[in-house]
Amino acid sequence: MTLQSRPLFRLFMTLHPALELGQTPAGGRRIFSVSGGYFEGERLKGEVSPLIGSDLLLARADGTFQQDARLLLVADDDLILMTYRGIRRSTSAVDERLARGEAVDASEYYLRTTPYFETAAPRHAWLNQIVAVAQGGRCPGGVEYDVFEIL
């Protein structure tokens, strides 16, 4: 059996500077607050709310980074909660370049997430019933993901 998908939307988020929480029992923790953005696809488009959104990034002992994010998407005045967890792994040299804010092509590292959606809006209720995956990368001014619905 082959897994099939179709594009859902491209997501771009702008971020505030990271807050360094430091070394916690879970690992090194950084918090990235979302300052805005947009998403656009054939079936869904809108803005990323600057009021609600953050990624509680965890630097794990195995050298990978684990995302734990919550965003509020606004599509045609409908509110859609998007949550996701994910993994970023790369070489230590790429990690250092990313930490300095350098532009690093997404092909140089692995960044995948599993978004889920929650909404009370009737016209977007179909989002409550899908599984999605995303691949992405850091870009100037923020983070960009291509989000796919798994069929």
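The accessible surface of the protein chain comes to about 8600 Å², and 53% of this area belongs to carbon and sulfur atoms. Accessible areas come from the Shrake-Rupley method with a 1.4 Å probe, and for residues only the protein chains shown count as cover. This is a predicted model, in which local features need pLDDT of at least 70, side-chain atom pairs count only at pLDDT 80 or more, and totals for chains, interfaces and linings use all residues. Residues are numbered from 1 along each chain as its sequence is written, and side-chain values use heavy atoms, with hydrogens and water left out.

**The whole chain**

The protein chain has one helix and nine strands (DSSP runs numbered from the N terminus: helices are H or I with at least four residues, strands are E with at least two). From the N terminus on, the order of the elements is β-β-β-β-β-β-α-β-β-β. The radius of gyration is 15 Å, close to the 15 Å that the globule rule gives for 151 residues, so the chain is as compact as a globular protein of that length. This radius is taken over C-alpha atoms, and the rule is 2.2 Å times the number of residues to the power 0.38. Of the 151 residues, 38% count as buried (under 20% relative accessible area; exposed is over 50%, partly exposed in between, with a 1.4 Å probe and protein chains only).

**Strand pairs**

Two strands pair if DSSP finds at least two bridges between them.

| Pair | Bridges | Residues facing each other |
|---|---|---|
| β2 (residues 19-24) and β3 (residues 27-40) | five bridges | Gly 22 and Arg 29 |
| β5 (residues 65-75) and β6 (residues 78-89) | eleven bridges | Arg 70 and Thr 83 |
| β6 (residues 78-89) and β7 (residues 110-118) | nine bridges | Arg 85 and Thr 114 |

A hairpin joins β2 to β3 through two residues. β5 and β6 also form a hairpin with two residues between them, and Asp 76 in the turn has a positive phi of about 50°.

**Cover on the strands**

In a regular strand the side chains alternate between the two faces of the sheet. The covered face of β6 holds Asp 78, Ile 80, Met 82, Tyr 84, Gly 86 and Arg 88. Its uncovered face holds Leu 79, Leu 81, Thr 83, Arg 85, Ile 87 and Arg 89. Strand β2 is hardly covered: the count of buried residues among its six residues is zero.
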